[in-house]
Amino acid sequence: MDSRDLDIAIVGVTGAAGGTALNLLHERNHPADRIIPIASARSIGRKISYGDEELTVVEARPEVFDGVTVAIFAAGGLVSRRPVSYTHLRAHETEAEVVC
């Protein structure tokens, strides 16, 4: 897999740690095909700056993880502990390739 093919989800992107993770990805010019900003229901639709782009926050729901290659969990304890089904990973990936 080419590193530009990464779809990166950041859970808790509207919080301090999630915002820092997003900023670090941008500052270090981390390659990604797609960045998915995820937060709680109260932040749905909020716009987040990512370089020259504006990303729209989506709610943390299982289907949001469809096709996600890397997920950064920077949310509070209860949200971060919610299980994400392996069926939401890309079809070519296996459970053994997932780093927890």
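## Cores, a hairpin and an aromatic pair

With a relative accessibility of 7%, F65 counts as buried. The model discussed here is predicted.

A search for aromatic pairs across the whole structure returns one. The pair consists of F65 and F73, whose ring centres are 6.1 Å apart, with 10 degrees between the planes, and it is classed as stacked.

In soluble globular proteins, nonpolar side chains tend to be buried together. In this model the largest nonpolar core has 13 residues, and the members that touch the most others are I8, I10, L22, L25, I35 and Y50. At least two residues come from each of β1 (7-11), α1 (16-27), β2 (34-39) and β3. The biggest contribution is that of α1, with three residues. Leaving out residues up to four places away in sequence, I35 touches I8, L22, L25, Y50 and L55. Another core lies apart from this one; it holds seven residues, including A9, I36, I38 and F65.

**The hairpin of β3 and β4**

Strand β3 covers residues 47-50 and strand β4 covers residues 53-56; the two pair in the antiparallel sense, over four bridges. Y50 has E53 in β4 as its bridge partner. Two residues lie between the strands of this hairpin, and G51 takes a positive phi near 65 degrees there.

S49 belongs to strand β3. Its relative accessible area is 54%, and because the cut-off for exposed is over 50%, S49 counts as exposed. From S49 to L22 the C-alpha to C-alpha distance is 9.2 Å, although 27 residues separate the two in sequence.

S43 is found in the loop between β2 and β3. Its relative accessible area of 9% is under the 20% cut-off, so S43 is buried. Apart from neighbours within four places in sequence, S43 is in contact with T14 and V57.

| Residue | Relative accessible area | Class |
|---|---|---|
| F65 | 7% | buried |
| S43 | 9% | buried |
| S49 | 54% | exposed |

Terms used:
Residues numbered from 1 in each chain as written. Predicted model: local features only at pLDDT ≥ 70, side-chain atom pairs only at ≥ 80, totals over all residues. Heavy atoms only, no water. Pairing = 2+ DSSP bridges. Phe/Tyr/Trp six-rings, centres within 6.5 Å; stacked < 30°, edge-to-face > 60°. Buried < 20%, exposed > 50% of the residue type's maximum accessible area, 1.4 Å probe, protein only. Core = buried A, V, L, I, M, F, W, Y, C linked by side-chain atoms within 4.5 Å. Contact = heavy atoms within 4.5 Å.
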